[in-house]
Amino acid sequence: MNDRAALDLLVSQGPLTRTRIGELTGLSKPTASQLLARLEAAGLVRTTGNVTGRPGPNAQLYEINPPAAHIAALAVDQLGITAAVADITGQVLGEERVDTAAVAEDAPNRTAQLVAKAVDGALAKAGLGREQLHGAVIGTPGALDPQTGRLRYAPHLPGWHSRALKEELAEVLGIPITIENDVNLAAVAEQHDGAAQDFDDFVLVWADEGVGAAIVLGGQLLRGATGGAGEIGYMPLPGAPLSRGGERSAARPDGGGGFQRLVGSPNVIELAREYGDPQVRTVAEALARDEVRAEVARRLATGLAAVVAVVDPRLIVLSGEVAQAGGEPLRALVEEEFTGLALPRPELRLSDIDGNPILIGALWTALADARDAVFDTG
């Protein structure tokens, strides 16, 4: 317990002296010295210079030993896979993007090949080999059904629906694999680095190509019996076609209906064209029009009111391409439209994550798993 307490302090606060570690943990100087010697011998900490500029002998600083473990984090979308490799401190050492076209569609085990290609590319940039990886977390649309092992709620990801997907990927990479819903990982990123820090009850609403939510209650992600908690893209709302079993068609290639057909990126662009601007090509261009921004705000507020009526969170974080393109003007309009739609009035914030929130959430999740294993000195 003392070892883990000291390691967690070094992770959260950076390099510390033996004296400071003793003060923060309540350990005596001899006990702190023994602890640090033990952790240094185990390869978990190392010395990193001295504290200078104060009376008395210079005090030695200790820090987490970065190569004690390495992890991979991956974010999957319809167009490809982004992989990042980091050391145990969270420092990203290499990143690689692989398009789906990198492996032929009829190739055997195509999904596993794409994942391996992305991870190997990131490892090469980091100067590492697969044998140095401790584990990997992969963020995908949809969620693994805990009963069947199949990826559900993601009909637009061909090749990702094998019953033995986790096992197939783990076998190819030779490391433990965790597959997690991408929006859940975005919420993890917001908890650690973004708008939801210090909130134990919040909902992250992701409006992008797809629409979904991550629900955090009491500091824990709500997953549901089949992993489908938060699949609000399918939520029926006035003015949107129903999603009947998630079927796919030319009009609905992702099988979505309901809320997704109102506020998903393609539908925001379509709305701008309906308002008489056929030249619109991007969400940002669409939301630059006042009437489009006002209508999208009304649609978002209606969907959020349904979520709030059930969950009653303290905070809603808006994330994804639509929220980022709309920015503060869209957020303010959503807040205004929300008045009177639901009795609870949670705070409404925009995501302020710098970078890919799904990849960052996968990184934090993989680091937590690796540290639990590597820091266990008992």
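The second largest pocket of this predicted model has a volume of about 260 Å³. A pocket here is an open set of points on a 1 Å grid over the protein atoms alone, with protein on both sides within 12 Å along at least five of seven lines; grid points are joined across faces, edges and corners, and the volume is the space filled by probe spheres set on them. Lining residues have an atom within 4 Å of a point. Two or more residues each come from α6 (182–193), β13 (220–221) and α12 (357–374), elements taken as DSSP runs numbered from the N terminus (helices H or I, at least four residues; strands E, at least two). The most is given by α12, with 5 residues. Because domain 2 (70–184 + 357–376) and domain 3 (197–350) both contribute to the lining, the pocket lies between them; the bounds come from an automatic or database domain assignment.

By class, this lining has 6 nonpolar, 5 polar and 3 charged residues, where Ala, Val, Leu, Ile, Met, Phe, Trp, Tyr, Cys and Pro count as nonpolar, Asp, Glu, Lys and Arg as charged, and the others, Gly among them, as polar.

The largest cavity has a volume of about 40 Å³ and is lined by L304, I316, V334, F338, P346 and L348. Its lining holds 6 nonpolar residues, with no polar and no charged ones.

Residues are numbered from 1 along each chain as its sequence is written, and side-chain values use heavy atoms, with hydrogens and water left out. Local features need pLDDT of at least 70 and side-chain atom pairs count only at pLDDT 80 or more, while totals for chains, interfaces and linings use all residues.

Terms used
On a 1 Å grid over the protein atoms alone, a cavity is a set of points where a 1.4 Å probe fits but cannot get out, and a pocket is an open set with protein on both sides within 12 Å along at least five of seven lines; lining residues have an atom within 4 Å of a point.
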